[in-house]
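Subject: The structure, and what I found in it

Hello,

Here is the structure I promised to pass on to you. Please open it beside this email and follow along as you read.

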Number of protein chains: 2
Amino acid sequence: MLFMTPMRPAPDFTAMLSDRARHMNASAIREILKVTQQPDVISFAGGLPAPELFPLEEVRRAADTALTKYGPAALQYSTTEGHPPLREWIGQRAGIPAANVQIVTGSQQALDLLGKILISEGDTVLVEAPTYLGALQSFQPYGPSYVQMPTDDGGIDVDALEDILKTTPAKLLYAVPNFQNPTGRTLNAERRRRLVELTAQYGVLVIEDDPYGQLRFSGEAAPSLYELGLEYAGDVNANYVIYCSSFSKTLVPGLRDAWVQAAAPIISKLVQAKQGADLHTPTLNQMIVAELLDEVLPRQIETVKKAYGERAAVMLGHIEKEFPGGVEYTRPEGGMFLWVTLPDTIDSTRMLQRALTRNVAYVPGSPFFALGGGQNTLRLSYSSATPQQIGRGIAALGETIREALD
Amino acid sequence: MLFMTPMRPAPDFTAMLSDRARHMNASAIREILKVTQQPDVISFAGGLPAPELFPLEEVRRAADTALTKYGPAALQYSTTEGHPPLREWIGQRAGIPAANVQIVTGSQQALDLLGKILISEGDTVLVEAPTYLGALQSFQPYGPSYVQMPTDDGGIDVDALEDILKTTPAKLLYAVPNFQNPTGRTLNAERRRRLVELTAQYGVLVIEDDPYGQLRFSGEAAPSLYELGLEYAGDVNANYVIYCSSFSKTLVPGLRDAWVQAAAPIISKLVQAKQGADLHTPTLNQMIVAELLDEVLPRQIETVKKAYGERAAVMLGHIEKEFPGGVEYTRPEGGMFLWVTLPDTIDSTRMLQRALTRNVAYVPGSPFFALGGGQNTLRLSYSSATPQQIGRGIAALGETIREALD
């Protein structure tokens with residue numbers, strides 16, 4: 001039996017997408033990264049951890065050990081909440097019960113599921129200006145209304161935050177307090193306390209996204225918003241701060257293992273959301289990470305910190321020599337990124353074409369602003385370039401900026 | 001510096017959840033499974049693949065090979081679309097370009113992302129009565145309005161479907177045509193053609209969820225809705241059918257590797273949704289599966305089919321002997337489940353307590369109905385029980401039913 005196939009109009013599937021899907025866009029960075037992946041280009045654009053530092057042999061052994069230790073259970077369906085030893089370890093480290101820890105498939109999933117369970121269409125979400133682009137992408141389908149918090153070298157301007165809270169009923173504040181993506185800036189200790197106090201007083205939930213906190217290579221660590229929230233609330237289940245972190249930047253990103261710490265009512269809804277989203281994070285991957293926690297992870301953190309600290313210093317040294325006057329930049333104490341502010345007259349998106357002709361790439365800053373702005377800014381990643389590449393790349397970028405100033 | 005901590009009211013985080021979160025519920029099955037996990041209980045409740053059949057050593061070797069072959073790239077971030085060799089293989093098998101294949105983190109993620117990009121609040125979604133509970137859970141947060149399609153031993157009643165389509169503008173039809181979860185029923189070949197024709201004519205997208213199709217242990221395979229849709233449309237990018245399948249039931253579930261085949265406009269929005277949801281499916285896991293495709297997968301499918309065919313036959317044999325008259329049940333030709341319809345007077349949810357006192361468990365049927373019904377039905381899984389357990393469990397269940405009839 002064959003179908004009778006008269007001429008039929010081509011279906012318009014795009015018109016059949018949900019209203020929600022219309023909020024979604026291809027990531028600007030992703031499109032840029034495609035252009036910059038030509039082999040001759042020195043790319044400061046990607047946010048990739050340095051692959052030559054990955055503990056490849058340790059992961060190989062951990063996979064082997066997990067398969068022997070757990071047998072077929074390492075490959076079977078497992079609980080939505082996550083591998084118990086992994087949750088226990090995270091809970092102990094944070095001084096909270098394992099019941100307040102949810103394992104997720106990369107921090108990106110934390111942001112998606114938190115957006116899903118917290119943001120109703122039109123809810124006000126406070127974000128840093130600039131903020132992490134991936135968070136905007138996760139939240140976007142849920143229809144948030146963004147308000148930008150001004151930032152400076154000390155992170156979020158908390159006086160400005162207080163003014164916003166006085167006039168705007170907000171649901172959620174999203175922040176990357178340590179070595180922020182994209183700026184590399186860190187929220188200072190005093191402002192952290194103020195932020196935690198203000199948000200709890202105004203009844204605003206805080207998502208603290210902390211993938212880089214362990215990668216501090218200079219200066220002194222401040223307590224996390226989560227710790228301060230716990231201190232303020234006096235109860236793990238009354239903490240307005242939700243903490244997300246990941247093994248992607250400390251161990252390896254490709255296993256997609258990350259976690260959320262939150263109050264019980266939020267964890268319990270997160271479990272339901274995760275059940276519908278992917279049932280559970282891959283079993284074997286969680287077991288592999290659990291095998292690496294005690295010995296490999298601390299050693300790996302030291303290795304990565306040292307390397308990124310050196311690379312950041314090399315990049316800053318070259319920037320100082322090669323960039324013309326009037327260009328400002330951040331001096332990160334950890335993480336993978338620094339942020340460059342060019343004179344107002346330069347549009348960094350337009351300048352990218354010229355940079356590419358000189359075989360150097362970066363990410364223009366404007367996509368990191370939820371409500372626009374930052375046309376003269378750009379993000380540089382130093383995590384996965386050699387000192388030689390950094391030298392040549394920053395020289396080429398310096399020339400590009402000079403040319404753009406002419 | 002310490003916080004001033006006067007007495008403060010406990011925050012009501014539940015009240016802060018999104019409207020969407022209120023649509024979500026704990027899976028009824030999940031709660032039941034918790035009760036049935038006591039060691040003495042013979043459980044026909046879970047839908048777990050038989051772990052003793054997992055290719056454990058082959059997975060171990062594949063992980064080792066992938067880490068050697070790809071080095072650190074096996075642990076690095078990778079593309080959202082998925083591991084190219086895996087997409088190529090899937091595309092070739094389906095006779096479509098790899099560009100029309102998207103890798104996802106388990107079929108559950110396919111359902112979540114398709115719900116996200118296709119279902120606007122209030123859109124009509126046609127589902128089988130009964131249907132796969134996990135699909136309801138994925139779609140639920142996106143606010144669908146369900147219409148139930150009646151089913152019988154030949155699957156969806158397509159005459160009834162036509163009547164529905166005549167009066168109800170529907171966005172989407174969701175179906176599990178092969179060895180359906182929960183009924184074990186298969187949509188017959190003639191109805192498949194009719195369904196594909198009808199949905200295309202009425203402009204309704206079809207999600208064909210096919211985790212079990214490869215596990216046919218008797219009877220003859222019918223073409224997939226996707227193949228028929230391709231034939232009908234004459235163009236991979238004009239096919240109203242979206243196909244989802246998985247390596248969970250053929251290889252192992254714990255790696256969470258599954259895929260979607262769809263027209264380009266749908267794949268391209270799916271990529272954007274997946275970027276926001278988890279960036280990409282774990283890199284190493286995709287490489288492991290790719291290593292197993294040529295030799296291990298076909299061998300494994302034969303092993304699993306044989307075992308499930310035997311177990312189904314054992315279960316059906318015992319049911320015939322042990323269940324009282326007036327009880328009806330399906331005779332699956334593949335997959336993991338069969339479906340029991342008790343006399344109207346019995347409520348299977350209430351009967352579960354009695355069954356548990358006899359140390360046997362099942363899943364009551366009513367949660368599988370989007371709009372209610374089926375109080376006298378239940379699902380039995382034969383995939384992960386031994387013949388001895390099946391014998392004892394079915395005898396105990398028979399006694400329970402007899403008792404309930406008294």
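A word on terms before we start: two strands pair if DSSP finds at least two bridges between them. Helices (H or I, at least four residues) and strands (E, at least two) are themselves DSSP runs, numbered from the N terminus. Please keep in mind that this is a predicted model, in which local features need pLDDT of at least 70 and side-chain atom pairs count only at pLDDT 80 or more, while totals for chains, interfaces and linings use all residues. Residues are numbered from 1 along each chain as its sequence is written, and chains are lettered from A and ligands numbered from 1 in the order in which they are written.

Strands of chain A

Let's begin with β9 (258-261) of chain A. Strand β8 (residues 241-246) of chain A runs antiparallel to β9(A), and four bridges join them. β2(A) is also antiparallel to β9(A), again over four bridges.

Elsewhere in chain A, β3(A) has five of its six residues buried. β3(A) runs parallel to β4(A), joined by six bridges, and A:V125 has A:Y146 in β4(A) as its bridge partner.

Two helices of chain A

Which residues of helix α4 (residues 84-94) of chain A are buried? They are A:L86, A:R87, A:I90 and A:A94. These residues lie on the same side of α4(A) because they cover an arc of only 95° around the axis (the arc is that of the directions from the helix axis to the C-beta atoms). Their cover includes β2 (101-104), β9 and α11 of chain A. After α4(A) comes A:G95, with a positive phi near 70°.

Helix α7 (residues 158-167) of chain A has the buried residues A:V158, A:L161, A:I164 and A:L165. Their arc around the axis is only 105°, which puts them on the same side of α7(A). The face turned away from that buried side carries the exposed A:D159, A:D163, A:K166 and A:T167. The buried residues of α7(A) pack against β3 (124-129), β4 (145-152), β5 (155-156) and α8 (189-201) of chain A.

A sheet and a helix in chain B

Chain B has an open sheet of eight strands with mixed pairing, in the order β2-β9-β8-β7-β6-β3-β4-β5. β2 (101-104) and β5 (155-156) of chain B stand at the edges with a single partner strand each, so one side of each is left without a neighbour in the sheet.

In helix α13 (residues 348-357) of chain B, the buried residues are B:S348, B:M351, B:L352 and B:A355. They fall within an arc of 120° seen down the axis, so they line one face of α13(B). On the other side, B:R350, B:Q353 and B:T357 are exposed. B:N359 follows α13(B), and its phi is positive, near 60°.

Where the chains meet

How many residues of chain A are in contact with chain B? There are 81, and they touch 81 residues of chain B; a contact means C-beta atoms, placed from the backbone, within 7 Å. α10(A) gives the most to this side of chain A, with nine residues. By class, the side divides into 42 nonpolar, 24 polar and 15 charged residues. In this scheme Ala, Val, Leu, Ile, Met, Phe, Trp, Tyr, Cys and Pro count as nonpolar, Asp, Glu, Lys and Arg as charged, and the others, Gly among them, as polar.

Finally, α3(A) and helix α3 (residues 56-70) of chain B pack at about 175°, with their axes 10 Å apart. Axes are lines fitted to C-alpha atoms, for helices over the stretch in contact, and angles run from 0 to 180 degrees between N-to-C directions. The two helices are therefore roughly antiparallel to each other (angles under 35 degrees count as roughly parallel, over 145 as roughly antiparallel, 65 to 115 as roughly perpendicular and the rest as oblique). Their contact has eight nonpolar, no polar and four charged residues.

Enjoy exploring!

Definitions and conventions: A residue is buried if 20 or more other C-beta atoms lie within 10 Å of its own, exposed if 12 or fewer, and partly exposed in between; C-beta atoms are placed from the backbone. Two residues are in contact if their C-beta atoms, placed from the backbone, lie within 7 Å.
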